[in-house]
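Colleague: I would like to learn how to read a model like this one. Can we go through it feature by feature?

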Amino acid sequence: MMQTELDLFNPHDPLQPQWVGTQAVVLPGFALQQVQALLPVLRQIIAQAPLRHMFTPGGLKMAVGLTNCGALGWVSDRHGYRYSAVDPLSNQPWPALPEVLLGLANRAASLAGFSDFHADACLVNCYRPGNRLSLHQDRDERDFDQPIVSISLGLPAVFLLGGHARNAPTQRIGLRHGDVLVWGGEDRLRFHGVLPLKPGSHPLLGELRINLTLRKAG
Ligand code: MD3
Ligand code: FE
């Protein structure tokens, strides 16, 4: 890969895991070798279960577009947040969770010390420039002992990692195309969010950031 002057100032070895919590790790570029296989699979999922803007229980339309694959999919509406076995747009099951994603997520989880991760849900979040995700906890899953694996694709983003209280200080973590994160154990319920996406165009994805989050929801 091409080395630029900027890389000389980057304090992190691009292949070295970065522990950002005792059980939270960023694996820079871990998904890069799978990207060419992931993109057509992702297109197929979105063709079957289109990206949509869900409403929060408070009646606000979410800026981030989303869809799901796997046995369970995360949905939000006036009634609340929950996992559903069917896509409410089609009343059909969500597209299957592809092997290429499961394999990648299991390898990442193992590296982080979670050797028996059994993902049954993958949330696809699609950000456009200006879109943000406000500080929240992921608490809709049944088993908080199972980790969460996330894969970032397309435009870079700044991820906010907070603590166990909403008002705890946050650290900023840059996430780039191909980076994989694993969160588990005591870091599993930390508040987190994404700052507004900066304008830009990614050579493969254009003016988009896609984040895939794999979980065991059921
Ligand atoms: C840290 N997505 O879908 S993924 C979400 O980039 C979500 O789209 C963000 O937060 C995104 O719920 C961040 C990384 C992530 C996921 C779950 C976490 C980080 C986490 C749970 C606890 C702490
Ligand atoms: Fe989250």
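Colleague: What spacing do the donors of the iron ion (ligand 2) follow along the chain?

Modeller: The model is predicted, so keep that in mind throughout. The donors of the iron ion (ligand 2) follow H-x1-D-x53-H. Asp-138 lies in the loop between strand E9 (133–136) and strand E10 (148–154), and His-192 lies in strand E14 (residues 192–194), so this pair ties together parts that are 54 residues apart in sequence.

Colleague: Which atoms are the protein donors, and how far from the iron ion do they lie?

Modeller: They are NE2 of His-136, OD of Asp-138 and NE2 of His-192. Their distances from the iron ion run from 2.0 to 2.2 Å.

Colleague: Are Asp-138 and His-192 buried or exposed?

Modeller: Take the cut-off first: buried means under 20% relative accessible area. Asp-138 has 8%, so it counts as buried. His-192 has 13%, so it is buried too.

Colleague: Now the sheet around E14. In what order do the four strands of the open sheet come?

Modeller: The order is E9-E14-E11-E12, with antiparallel pairing. The edge strands are E9 and E12 (171–175), and each of them pairs on one side only. Neighbouring strands of the sheet are turned by 20° against each other on average, with direction ignored.

Colleague: How many bridges join E9 to E14?

Modeller: Two, and the strands run antiparallel.

Colleague: How do I read the two faces of a strand?

Modeller: Start with the general idea. In a regular strand the side chains alternate between the two faces of the sheet. Now take strand E2 (residues 24–27). Ala-24 and Val-26 are on one side, Val-25 and Leu-27 on the other, and all are buried.

Colleague: Which strands pair with E2?

Modeller: Strand E1 (residues 18–21) is joined to E2 by three bridges, running antiparallel. A hairpin of two residues links E1 to E2. In that pairing, Gly-21 stands opposite Ala-24. Strand E13 (residues 180–183) also pairs with E2, over four bridges and in the antiparallel sense. There, Val-25 stands opposite Val-182.

Colleague: What covers the buried residues of H1?

Modeller: The cover includes E3, H2, strand E8 (121–127), E10 and strand E15 (209–215).

Colleague: What span should H1 have?

Modeller: At 1.5 Å a residue, its 14 residues should span 20 Å. The end C-alpha atoms are 20 Å apart, which agrees.

Colleague: And which residues of H2 are buried?

Modeller: Leu-101, Leu-102, Leu-104, Ala-105, Ala-108 and Ala-109. Their arc around the axis is only 165°, which puts them on the same side of H2. Glu-99 and Leu-111 are exposed on the other side. The span check works here as well: the 13 residues of H2 (residues 99–111) should span 18 Å, and the end C-alpha atoms are 18 Å apart. Gly-113 follows H2, with a positive phi near 100°.

Colleague: Let me close with two single residues. What does Leu-153 touch?

Modeller: Leu-153 lies in strand E10. Its relative accessible area is 0%, so it is buried. Beyond four places in sequence, its contacts include Val-35, Leu-39 and Leu-42. Those three are among the buried residues of H1. Others that Leu-153 touches include His-177, Leu-205 and Ile-210.

Colleague: Is Lys-61 buried or exposed?

Modeller: Exposed, with a relative accessible area of 56%. Lys-61 sits in the loop between helix H1 and strand E3 (65–69). Leaving aside neighbours within four places in sequence, Lys-61 is in contact with His-53, Met-54 and Phe-55. The C-alpha atoms of Lys-61 and Asp-77 are separated by 9.4 Å, with the residues 16 apart along the chain.

Note on methods:
Residues numbered from 1 in each chain as written. Chains lettered and ligands numbered in written order. Predicted model: local features only at pLDDT ≥ 70, side-chain atom pairs only at ≥ 80, totals over all residues. Heavy atoms only, no water. Expected span 1.5 Å × (residues − 1). Buried < 20%, exposed > 50% of the residue type's maximum accessible area, 1.4 Å probe, protein only. Arc of directions from axis to C-beta. Pairing = 2+ DSSP bridges. Donors = N, O, S within 2.8 Å, 3.2 Å for Na, K, Ca; no water. Contact = heavy atoms within 4.5 Å. Axes fitted to C-alpha atoms, helices over the stretch in contact; angles between N-to-C directions.
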